[in-house]
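Reader: I am new to this structure. Please show it to me and take me through some questions.

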Amino acid sequence: MDPRERILVALDMTDVDSAKALAMTLSGHVGGIKLGKEFFTANGPAGVKAVTGGGQPLFLDLKFHDIPNTVAGAVRSAMALGPMILNVHASGGVAMMKAAAAAVAEAPNTSEGPRPLLIAVTVLTSLGDEDMPQIGVQGSAAEQVIRLAKLAEGAGLDGVVCSAHEIIAIRAACGPDFKLVVPGIRPTWAAKGDQKRVMTPAEAVKLGADYLVIGRPIAAAADPVGAAKRIGEELQGL
């Protein structure tokens, strides 16, 4: 994989014009962009289409979590936006994930381009070990992550979103072909901001990350293209 293809830039904003301009500026320098609930709630499918009109690959980060039939319907609707990656919550259960996977499997018959990758969110990074008993989970957050990652793999999903600190354990549990999309990435030359447990792009890829979700170090940089190129150069040869 070309190092640039590993980089997904999080456009954590609600203004369509700003997001579109940044996506166009970064086109060819990164592997794609990520649009999430904040942007989607403000602008809907039309906003997404406006931003991705230039052909930039899309990680549509909407984390679907509902009954199987509803999630399957949401996935079918989302595929009309041509995402490269879609996600659901693994805690929705096997039936829900299988329904989502079945909906994605219809993609070759309903849309152009390759089938989207369907990945699962395991444990939100805002939750720690101390939160597990409150939501009825026995064991540590890391144990729950592995439990849900294996559940997602068994349900036919392509991979999971995970912390860089969980890469090794998930690789051991789910094998080399299971896709790992890793947020919380900060180059050594970028400010950590409100992120506490971070890892550099090179460190995460060496551990086995497939895609890196990077926001402010690129999106808020004075020279976004220069920042993206610098990260790509750091990933060369890994």
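Predicted model: local features only at pLDDT ≥ 70, side-chain atom pairs only at ≥ 80, totals over all residues.

Reader: What percentage of the residues in the chain are buried?

Author: Buried means under 20% relative accessible area, exposed over 50%, and partly exposed in between (1.4 Å probe, protein chains only). Of the 238 residues, the buried ones make up 50%.

Reader: Which contacts count here, and what share is between residues 24 or more positions apart?

Author: Contact means heavy atoms within 4.5 Å. Take the contacts with a separation of 6 or more. Residues 24 or more positions apart account for 65%.

Reader: How far apart do the centres of the positive and negative side chains lie?

Author: Lys and Arg count as positive and Asp and Glu as negative; His and the chain ends are not counted. Each charge is placed at NZ of Lys, CZ of Arg, CG of Asp or CD of Glu. There are 22 positive and 24 negative side chains, and the two centres are separated by 1 Å.

Reader: Why is strand β2 largely enclosed by the rest of the structure?

Author: On one side, Gly32, Lys34 and Gly36 are buried; on the other, Ile33 and Leu35 are buried. Both faces of β2 are therefore covered, and β2 (residues 32–36) is largely enclosed because its buried residues number five of the five.

Reader: Which residue in β2 is the bridge partner of leucine 8?

Author: Two strands pair if DSSP finds at least two bridges between them. Strand β1 (residues 7–10) pairs with β2 in the parallel sense, over three bridges. Leucine 8 has as its partner glycine 32.

Reader: Which residue of β3 stands opposite lysine 34?

Author: β2 and β3 run parallel, joined by four bridges. β3 is mostly covered, with six of its seven residues buried. Opposite lysine 34 stands phenylalanine 59.

Reader: What is the phi of lysine 63?

Author: Lysine 63 belongs to strand β3 (residues 58–64). Its relative accessible area is 23%, so it is partly exposed. Most residues other than glycine have a negative phi. Lysine 63 is not a glycine, yet its phi is positive, at about 50°.

Reader: Is threonine 52 buried or exposed?

Author: Threonine 52 lies in helix α2 (residues 37–52). Leaving aside neighbours within four places in sequence, threonine 52 contacts Ile33 and Leu58. With a relative accessible area of 15%, threonine 52 is buried.

Reader: Which residues is alanine 141 in contact with, leaving aside its neighbours within four places in sequence?

Author: Alanine 141 is in helix α6 (residues 141–154). Alanine 141 is buried, at 12% relative accessible area. Its contacts are Val123, Gly128, Asp129 and Met132.

Methods: Residues numbered from 1 in each chain as written. Heavy atoms only, no water. Helix = DSSP H or I, 4+ residues; strand = E, 2+ residues; numbered from the N terminus.
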